[in-house]
Amino acid sequence: MLAVHGLGVAAIRRLDVLFGAGDARLELARALAWMESGFQEDVVSSAGAVGVMQLLPATWEWVDTMLLRESTPRIHQKRSSAHALAIVRTQCRKMSENPIV
């Protein structure tokens, strides 16, 4: 596992469950989570970005409105894994629909 000294094990497991074994997008999500927060779900940046994927308030609201179609209070930072899943799936779908030649 990529977690350092047990840090972020819960976040990694949450991503694993959301994406499922064998899903190539899981590796992308893990890489983004490591880069953004080191798998720390409780991190809040000076800009107000929260969770394992460090989502800014406007991004959180956009995902709620456009992708999840539900309002999720930002106090539920562990929910950011679901937001990350929605973003990664959407971006991967867009890329597969419009491949770069």
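**Close-up 1. Helix 4 from end to end.** Helix 4 (80-97) is built from 18 residues and spans 26 Å from its first C-alpha to its last, close to the 26 Å expected at 1.5 Å a residue; the expected span is 1.5 Å times one less than the number of residues. Helices here are DSSP runs (H or I, at least four residues), numbered from the N terminus. You are looking at a predicted model, where local features need pLDDT of at least 70, side-chain atom pairs count only at pLDDT 80 or more, and totals for chains, interfaces and linings use all residues. Residues are numbered from 1 along each chain as its sequence is written, and side-chain values use heavy atoms, with hydrogens and water left out.

**Close-up 2. The buried residues of helix 4.** Buried means under 20% relative accessible area (1.4 Å probe, protein chains only). Among the buried residues of helix 4 are His83, Leu85 and Val88. Their cover includes helix 1 (9-19), helix 2 and helix 3 (57-68).

**Close-up 3. The lining of the largest pocket.** Look for Leu28, Met53, Thr59 and Ile87, which are among the lining residues; such residues have an atom within 4 Å of a pocket point. Helix 4 gives the largest share of this lining, four residues. By type, the lining divides into eight nonpolar, three polar and one charged.

Close-up 4. Trp34 lies in helix 2. At 43% relative accessibility, Trp34 counts as partly exposed, a class between buried and exposed (over 50%). Between Trp34 and Val52 there are 7.9 Å in space, C-alpha to C-alpha, although the two are 18 residues apart in sequence.

Notes
1 Å grid on protein atoms, 1.4 Å probe; cavity = no way out; pocket = protein on both sides within 12 Å on 5 of 7 lines; lining within 4 Å. Helix = DSSP H or I, 4+ residues; strand = E, 2+ residues; numbered from the N terminus. Nonpolar A, V, L, I, M, F, W, Y, C, P; charged D, E, K, R; others polar. Contact = heavy atoms within 4.5 Å.
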